[in-house]
Amino acid sequence: MATQKLYAGAKLREIRNRVALTQREFATKLGVSLPYLNQMENNNRPVSTTVVLALAQEFGIDVTELSTGDSERLVSDLREALADPALAESDVPLADIRLSASNAPALARAFLKLHHTYRETHERLASLDDALGRQEFRMQPSPWDEVRDFFHYCDNYIDAVDHAAENFAKSAEQKPSMRIAAEDALAHVGVSVRLSDTGPLRHYDHANKALTLSAHASPETQCFQMLLQVALLQRNSLLEATLDLAKFQSETARDIAKIGLANYFAGAALMPYGKFHAAAQEHRHDLELLSNQFGASIEQVAHRLSTLQRPGNKGIPFFFVRVDQAGTITKRHSATRLQFARFGGACPLWNVHRAFETPGRFLRQLAETPDGVRYFSLARDVSKSGGHYGAPVRRYAIALGCEIKHADRMVYADNMDVNNAAAFQPIGISCRICERPDCHQRSVPPLERKLMIKENERGVLPYEVG
């Protein structure tokens, strides 16, 4: 098999800017000529083996950074944006999209922000939102989407926060449990903890320095919420510094992101990187064993597995997603080539939707996307009780998966016929950008393909995809 050439111009420029060197100084450090470096940075030449070794030796760069950048995510996001009906006639070739994502990622992200703004405005008009008539209205992306993109393009891994949480976990090793360690950490800053049968899941009274947790929440959730409060009180300067670097466009986005970072800290403290990574390898990513060992819920474990992207000590590149009963994606992350639709639901052929039908059971699936990449997917419902009779139940399902080349490292993939092409079910990303012409579950026609309508003939669909 021919070796695939590595084009990583944008990543080379990013590394050069990170170490604050001119192009000439960077070329000297890498042992190449200035013109050669310029050609590599503009993707006119692939990155040579000599340069890869020099990056590792001179700058301590994890060379996997060169091949795991934002390009695939940007390609997926750009394709979906360009499939918008307003842009459907533009007919941008996939090759041009890939070129933009690899050579001009900043421009690609600017285009995506512009498209988000357009969608926000269009939705406001469609719903007769009076925000357009207010003076304070600004053309800005949704704060929620902005924060989601922040974590998405950080590979769902925040290094400084992850290390801080791991240090907290190490200091807590002498305690009987992480819950007691969290209570002691709060007591150290004068905060008392109590449980209540009424009220929200978590409430912090700043004036009285009292943290109240719902008595109906599971012990894992209560511990997680205490660790979240530890992050907000004891690691506030770290969270604020991280937010400063992110440069969010609104205070609302910054506030949402701060809670997201505090949640990240809580998960990383409950499941510290080194120990959790080693345990995941040892138990072959058995979610139940990991849940019992670290005192975390199944969903928390699956989410944490998707964050194991520390340079030099990476775990399996997983995708992780949570959906509600309507198929709406409420959490998403992918360190794989599989990228989720930003708008609308996930592919109905995906096993995550069937998880609601089999509560408490893991569902396994071998799947293949239209680009020919094959995946192993694990799905399970994670419905959450309200804690008492009559309380509403929050119904969700999660999916965790990886490319099939990593499946042998997951206990759930044992005895599956991974070498049989017929065993893989064809799935897509979103109907409007899916290229499969004969899908029996298609909800809307693909915007990039020509439709053929036959007046005197009807198949599974009322049209044929050309």
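This is a predicted model: local features need pLDDT of at least 70, side-chain atom pairs count only at pLDDT 80 or more; totals for chains, interfaces and linings use all residues.
Residues are numbered from 1 along each chain as its sequence is written, and side-chain values use heavy atoms, with hydrogens and water left out.

Q: Why is the pair of Phe362 and Tyr412 called tilted?
A: Rings of Phe, Tyr and Trp (its six-membered ring) pair if their centres lie within 6.5 Å; planes under 30 degrees apart count as stacked, over 60 as edge-to-face and the rest as tilted. Here the centres are 5.1 Å apart and the planes stand at 45°, so the pair is tilted. The structure holds 8 aromatic pairs.

Q: What makes this pair of Phe362 and Tyr412 a tie between parts of the chain?
A: Phe362 lies in the loop between β5 (329-334) and β6 (363-368), and Tyr412 in the loop between β8 (396-403) and β9 (425-426). The pair therefore ties together parts that are 50 residues apart in sequence. Helices (H or I, at least four residues) and strands (E, at least two) are DSSP runs, numbered from the N terminus.

Q: Is Tyr412 buried or exposed, and how do you know?
A: Buried means under 20% relative accessible area, exposed over 50%, and partly exposed in between (1.4 Å probe, protein chains only). Tyr412 has 10% relative accessibility, so Tyr412 counts as buried.

Q: Which residues do ring pairs link into a cluster?
A: Phe150, Phe151 and Phe248 are linked in this way.

Q: Why are α12 and α13 called oblique to each other?
A: Axes are lines fitted to C-alpha atoms, for helices over the stretch in contact, and angles run from 0 to 180 degrees between N-to-C directions. Under 35 degrees is roughly parallel, over 145 roughly antiparallel, 65 to 115 roughly perpendicular and the rest oblique. The axes of α12 (residues 236-246) and α13 (residues 251-270) come within 10 Å and cross at roughly 130°. The two helices are therefore oblique.

Q: How do you know that Lys258 is buried, and what does Lys258 touch?
A: Lys258 sits in helix α13. Its relative accessibility is 18%, so Lys258 counts as buried. Contact means heavy atoms within 4.5 Å. Not counting residues up to four places away in sequence, Lys258 touches Leu232, Asn236, Leu239, Glu240 and Leu243.

Q: Why is Leu195 called partly exposed?
A: Leu195 has 44% relative accessibility, so Leu195 counts as partly exposed. Leu195 lies in strand β1 (residues 192-196). Leaving aside neighbours within four places in sequence, its contacts include Arg179 and Gln222.

Q: What makes the phi values of Arg284 and Asn415 stand out?
A: Most residues other than glycine have a negative phi. Phi of Arg284 is near 55°, a positive value. Asn415 has a positive phi of about 70°.

Q: How do you know that Asn415 is exposed?
A: Asn415 has 81% relative accessibility, so Asn415 counts as exposed. Asn415 lies in the loop between β8 and β9.
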